[in-house]
Amino acid sequence: MKANATIGAGDPHLFLVTDSIEEAVALIVEKSIKQYGLRPENKVKPFKWLFERK
């Protein structure tokens, strides 16, 4: 993408390519949830009829 000038030279740090779910979740938590102090509006209660657990 840099070679085709579709992104700037400093842009590669703006995205993450990974096969690790844990690494992706950690990035989301660090760069959005913690950075902006986000919190869920309401806690979602599990559906007993779907055999979901707390």
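User: How far apart are the mean positions of the positive and negative charges of the chain?

Analyst: Lys and Arg count as positive, Asp and Glu as negative; His and the chain ends are not counted. Each charge is placed at NZ of Lys, CZ of Arg, CG of Asp or CD of Glu. Here the chain has 9 positive and 7 negative charges, and their mean positions lie 12 Å apart. This is a predicted model: local features need pLDDT of at least 70, side-chain atom pairs count only at pLDDT 80 or more, and totals for chains, interfaces and linings use all residues. Residues are numbered from 1 along each chain as its sequence is written, and side-chain values use heavy atoms, leaving out hydrogens and water.

User: How many helices and strands does the chain have?

Analyst: Helices (H or I, at least four residues) and strands (E, at least two) are DSSP runs, numbered from the N terminus. This chain has one helix and zero strands. The radius of gyration, taken over C-alpha atoms, is compared with a globule rule of 2.2 Å times the number of residues to the power 0.38. The chain's value is 18 Å, well over the 10 Å from the rule for 54 residues, so the chain is more spread out than a compact globule. Its C-alpha trace spans about 55 × 25 × 15 Å along the principal axes.

User: Is valine 29 buried, partly exposed or exposed?

Analyst: Buried means under 20% relative accessible area, exposed over 50%, partly exposed in between (1.4 Å probe, protein chains only). Valine 29 lies in helix 1. Its relative accessible area is 28%, so valine 29 is partly exposed. Isoleucine 33 sits in helix 1 (residues 21-36) and is partly exposed at 36%. Buried residues make up 2% of the 54 residues.
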